[in-house]
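Student: Could we go through this structure together, setting each value against the definition behind it?

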Amino acid sequence: MYLTKEEEKIYDGELGWAYQISMRILVKLGDLYGAERLIPIGSAHISGVSYKTINDAPIEFLRALLESGGRVKVKATTNPSGIDYSNPIFTLLPAELIGKQKAIVDLYKEMGIEDSLTCTPYYIEPPKSGTHLSWAESSAVIYANSIFNAWTNREGGPSALASALIGKTPNYGLHMPENRRFSALVKVEAAIRSEADYGALGIYLGKILGNRIPLISGLSSRDEDFLKQMGAAMATSGSVPMFYLGKPETVEAHEIITVENRDIQNVYENLSSALEKPDLVFIGCPHCSLNEIKTIASLIKGRKVKSDVKLWVCTSRFIRKKASDYVRVIEASGGQVICDTCAVVTWLRDLGIDTLMTNSAKTAYYAPLTNKVKVVFSTLKDCMIAACAE
Amino acid sequence: MEVLLKGRPIVPGIAKGTALVSTKPISFLGGVDPETGVVIEREHDLYGKSIKDSILCFPSGHGSTVGSFVLYSLARRGLAPRAIVNSVADSVVVVGAIIANIPMVDEIDITKINTGEVVEVDGGSGIIRIFRK
């Protein structure tokens with residue numbers, strides 16, 4: 001890989017260990033994946049924030065980076081943590097977890113990384129078309145590439161952090177135009193109507209596509225909140241980095257994947273592991289947009305959440321503030337609008353949750369594995385019916 | 001008898017030790033206990049074995065990118081392998097080996113190495129020497 005004189009100095013350690021180790025990570029990944037040089041990035045988004053997910057392992061590394069002078073060179077944002085410190089329900093958690101989580105967020109902040117603590121950083125600042133990014137969080141990667149035409153590989157926590165410190169990423173993969181073409185055609189013949197249907201479609205396609213980029217035809221709506229569910233799910237059951245929508249001009253030389261009603265029905269059946277009623281109804285994976293919170297408020301207005309059910313609506317602090325009128329409606333009904341975390345990355349069992357109901361296919365896929373809870377997967381409307389008294 | 005294998009250099013450094021060979025991919029997050037260096041994934045063929053000071057040979061890494069940090073924590077506690085030999089390097093293990101400063105080579109046919117053999121890994125040249133009796 002070609003390095004500028006300045007990059008070589010960093011590689012040789014002239015700016016200290018934090019920058020040297022970051023540069024070594026980027027150069028080695030570049031060598032492995034055939035990059036010829038580093039390119040500047042507009043922003044980095046860093047995963048590996050929730051103490052529930054990462055545990056103690058990264059704390060020592062983050063502290064060593066900070067102590068050797070590591071500070072970010074570009075705008076850098078963070079994925080959700082395990083706790084909303086402004087919400088009293090999290091005080092039920094053991095003190096050790098609360099303290100460790102705070103230590104992690106503080107380490108990132110001291111390196112100059114924003115405590116945005118959301119998987120939807122694009123609502124706070126949408127990336128510009130054609131900008132190179134170094135983003136972790138697979139649902140944000142597929143959204144940035146597909147909806148904003150920003151350019152990012154599927155980074156992991158450590159590589160996104162290294163890019164944030166250097167301000168650059170190795171030029172390979174989705175940073176090259178030739179790797180952003182679709183290589184599979186999807187023809188949706190199933191009736192895909194709700195956001196949950198889009199999520200189920202995503203789970204089905206991710207398994208077949210692996211890491212390929214599809215061109216998807218036959219979708220009736222291009223509602224961005226629905227596409228967010230589809231993308232997050234494709235990046236969950238597969239590692240799809242990007243999708244296109246529209247009709248193919250030619251269909252030669254491409255595999256055609258046809259999706260029928262029964263394929264979607266199978267996903268619903270596989271994702272629902274619970275027959276009993278939920279003790280938590282969770283909306284907000286990925287974190288809710290302003291429009292989603294508005295829809296929830298309109299569905300719940302004048303109704304009451306059942307006394308034995310919790311309703312969590314998860315979003316960023318930024319969106320919660322913008323949605324304050326709708327937040328009041330949801331809270332008046334007995335729901336909670338929670339920031340900085342979500343059901344997947346907090347300690348659900350410690351908070352007394354056994355059965356979760358959600359409209360997110362991604363959560364329905366992960367929660368039984370990572371949170372050991374049972375899941376009911378259905379539409380937002382069904383979720384609201386289950387949450388509220390008649 | 002000495003057997004030489006040539007792979008791709010990933011992380012420089014020379015290390016000699018006893019080979020611990022697995023036929024299964026390793027996820028360091030959830031697969032290895034960062035407090036003890038013991039493999040804790042029940043389905044794994046190295047389940048219950050310590051990777052400390054070994055020449056750890058396995059096909060590839062998989063799983064969460066947090067796995068890189070687990071290798072760093074193991075190294076800080078003196079529980080890391082002396083070297084890593086992979087069939088195909090995966091970015092989680094590569095980043096982990098870089099930050100933990102563990103010599104690493106890939107593109108090696110690891111079926112040619114047996115657990116218990118004394119092996120020397122040169123992460124700078126990609127050469128692996130197996131010392132057979």
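Tutor: The buried residues of H10(A) pack against helix H7 (138–147), helix H9 (195–209) and helix H15 (361–370) of chain A. This is a predicted model, in which local features need pLDDT of at least 70 and side-chain atom pairs count only at pLDDT 80 or more, while totals for chains, interfaces and linings use all residues. Residues are numbered from 1 along each chain as its sequence is written, and chains are lettered from A and ligands numbered from 1 in the order in which they are written.

Student: Why is H10(A) called largely enclosed?

Tutor: A residue is buried if 20 or more other C-beta atoms, placed from the backbone, lie within 10 Å of its own. Twelve of the 14 residues of H10(A) are buried, so the helix is largely enclosed by the rest of the structure; among them are A:Phe226, A:Met230 and A:Ser237.

Student: Which residues of H15(A) are buried?

Tutor: In H15(A), A:Ala361, A:Lys362, A:Thr363, A:Ala364, A:Tyr365 and A:Ala367 are buried, and just after this helix A:Lys372 takes a positive phi of about 55°.

Student: What makes a residue part of a contact, and how many residues does each chain bring to the one between chains A and B?

Tutor: Two residues are in contact if their C-beta atoms, placed from the backbone, lie within 7 Å. The contact takes 18 residues from chain A and 16 residues from chain B, and H2(A) gives the most to the side of chain A that touches chain B, with six residues.

Conventions: Helix = DSSP H or I, 4+ residues; strand = E, 2+ residues; numbered from the N terminus.
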